Amino acid sequence: MRKVIEENERMKRKYVFHLEEADGLDAKSTDKVLAAILKFEQSTGFKPFKRFHIDQAAKFKVHPSQAKNRRGQPLGHSTVDATLTLVRKFFHWLAGQAGYKKVLTYSDTRYFNNNRKSARIAHTANDKQSPSPEAAFHAFQAMPSATEFERRDKALFAFFMLTGARVGAVASLRLKHIDLFNGKVFQDPREVNTKAAKYIDTVFMPVDPAYLECFSAWVTYLRTEKFFGDTDALFPKAQMGLAETGGFQKVGLSRDPFATTTPLNKVIRNAFAMVQLPQYTPHAFRTTLIKMANDRCTTVEEFKAWGMNIGHENMAITMGSYLPIPKQRKEDLIKGIKGMKILGSGSIQ
């Protein structure tokens with residue numbers, strides 16, 4: 001059973017206030033911090049932070065490496081590394097607080113550092129799994145569209161391919177953020193849940209026209225047949241009502257968005273599962289689109305514009321996070337580069 005140490009809880013609340021007000025972190029980010037700190041407390045049997053000893057840090061480094069995820073598998077190297085980093089930063093802050101300066105030093109927090117081998121593995125870019133454009137289109141075509149709920153789900157799939165938008169932002173979009181005439185989406189952070197509160201002006205991607213046809217039909221349906229207005233949800237949740245046999249059932253579309261991203265993730269996973277493909281998440285569409293850019297863009301400027309269109313501020317993110325080069329591919333590319341001829345004068349060409 002979890003113990004509650006009043007002094008620990010007070011310092012955690014103070015730290016969260018610091019992160020939110022001084023560093024500008026949102027609640028979602030601070031929740032991850034609190035979860036990491038809780039894991040540390042569990043590893044010590046919920047001892048007071050004032051009784052910290054470097055042995056606790058050494059023991060904690062073993063704790064997450066032996067933990068399991070929801071699927072019963074060991075935690076990934078990146079997850080373990082991130083957990084250690086969050087706890088180390090907390091204790092580094094704690095070392096400067098009144099009442100802790102005598103029991104905790106800044107150098108003590110270094111004992112939370114991951115070992116070099118694990119840290120190197122954690123920060124090694126992996127080839128992110130994503131559907132090919134052909135696989136995505138196959139799953140899209142197989143989706144039913146008989147009911148308005150099925151048309152909504154199919155339009156949702158199309159929208160992810162058209163924009164590569166993050167699922168959190170998509171869940172919060174309203175009709176006023178869509179400009180069908182100019183083929184654009186306005187992700188205004190004052191109204192849309194964008195990452196790091198960035199303003200993202202997205203032009204529909206040059207993908208198969210069937211995606212735009214499906215999505216446009218959905219927006220038209222909402223406006224002309226359901227009489228949805230600008231402030232109504234782009235992808236509304238179901239409105240529930242009493243069934244004649246008792247209980248609740250879907251009676252139509254609500255005007256409100258989903259409260260969480262879970263239903264949207266489920267729609268996309270199920271779409272791929274229905275055609276016996278891996279259950280890709282909405283985020284995988286971003287990788288699909290970036291790989292398409294790598295194949296189709298003919299200039300660096302085009303590639304940069306493509307990355308900017310899905311919200312990347314610079315090409316380093318696009319290249320480093322979404323286009324890692326596997327070792328074998330690297331070797332093939334190097335071997336395929338033509339060598340330079342050495343002229344008799346000593347110059348090269």
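User: Which helices do the buried residues of α11 pack against?
Analyst: In this predicted model, the buried residues of α11 pack against α6 (133-142), α7 (148-163), α10 (262-273), α12 (300-309) and α13 (315-322).

User: And which residues of α11 are the buried ones?
Analyst: They are Ala 284, Phe 285, Arg 286, Thr 287, Thr 288, Leu 289, Ile 290, Met 292 and Ala 293.

User: What span does α11 reach from its first C-alpha to its last?
Analyst: Helix α11, residues 284-296, reaches 19 Å over its 13 residues. That is close to the 18 Å expected at 1.5 Å a residue.

User: Changing topic to the rings: how many aromatic pairs are there?
Analyst: The count comes to 28 aromatic pairs. One of them joins Phe 215 and Phe 235, with a tilted arrangement, 6.4 Å centre to centre and 45° between the planes.

User: Where in the chain do Phe 215 and Phe 235 lie?
Analyst: Phe 215 belongs to helix α9 (residues 209-224), while Phe 235 is in the loop between α9 and β4 (236-242). The two are 20 residues apart, and their pair links distant parts of the chain.

User: Is Phe 215 buried or exposed, and what about Phe 235?
Analyst: Phe 215 counts as buried because its relative accessible area is 0%, under the 20% cut-off. Phe 235 is also buried, at 4%.

User: Which residues do ring pairs link into a cluster?
Analyst: The cluster consists of Tyr 15, Phe 40, Phe 49, Phe 52, Phe 60, Phe 90, Phe 91, Trp 93 and Phe 112.

User: What sits over the ring of Phe 140, and what lies over the face of Tyr 100?
Analyst: The charged end of Lys 154 is over the Phe 140 ring, 5.1 Å from its centre. For Tyr 100, the residue over the face is Lys 50, at 5.4 Å from the ring centre.

Methods. Residues are numbered from 1 along each chain as its sequence is written. This is a predicted model: local features need pLDDT of at least 70, side-chain atom pairs count only at pLDDT 80 or more; totals for chains, interfaces and linings use all residues. Side-chain values use heavy atoms; hydrogens and water are left out. Helices (H or I, at least four residues) and strands (E, at least two) are DSSP runs, numbered from the N terminus. The expected span of a helix is 1.5 Å times one less than its number of residues. Buried means under 20% relative accessible area, exposed over 50%, partly exposed in between (1.4 Å probe, protein chains only). Contact means heavy atoms within 4.5 Å. Rings of Phe, Tyr and Trp (its six-membered ring) pair if their centres lie within 6.5 Å; planes under 30 degrees apart count as stacked, over 60 as edge-to-face and the rest as tilted. A charge sits over a ring if NZ of Lys or CZ of Arg is within 6 Å of the ring centre and within 35 degrees of the ring normal.
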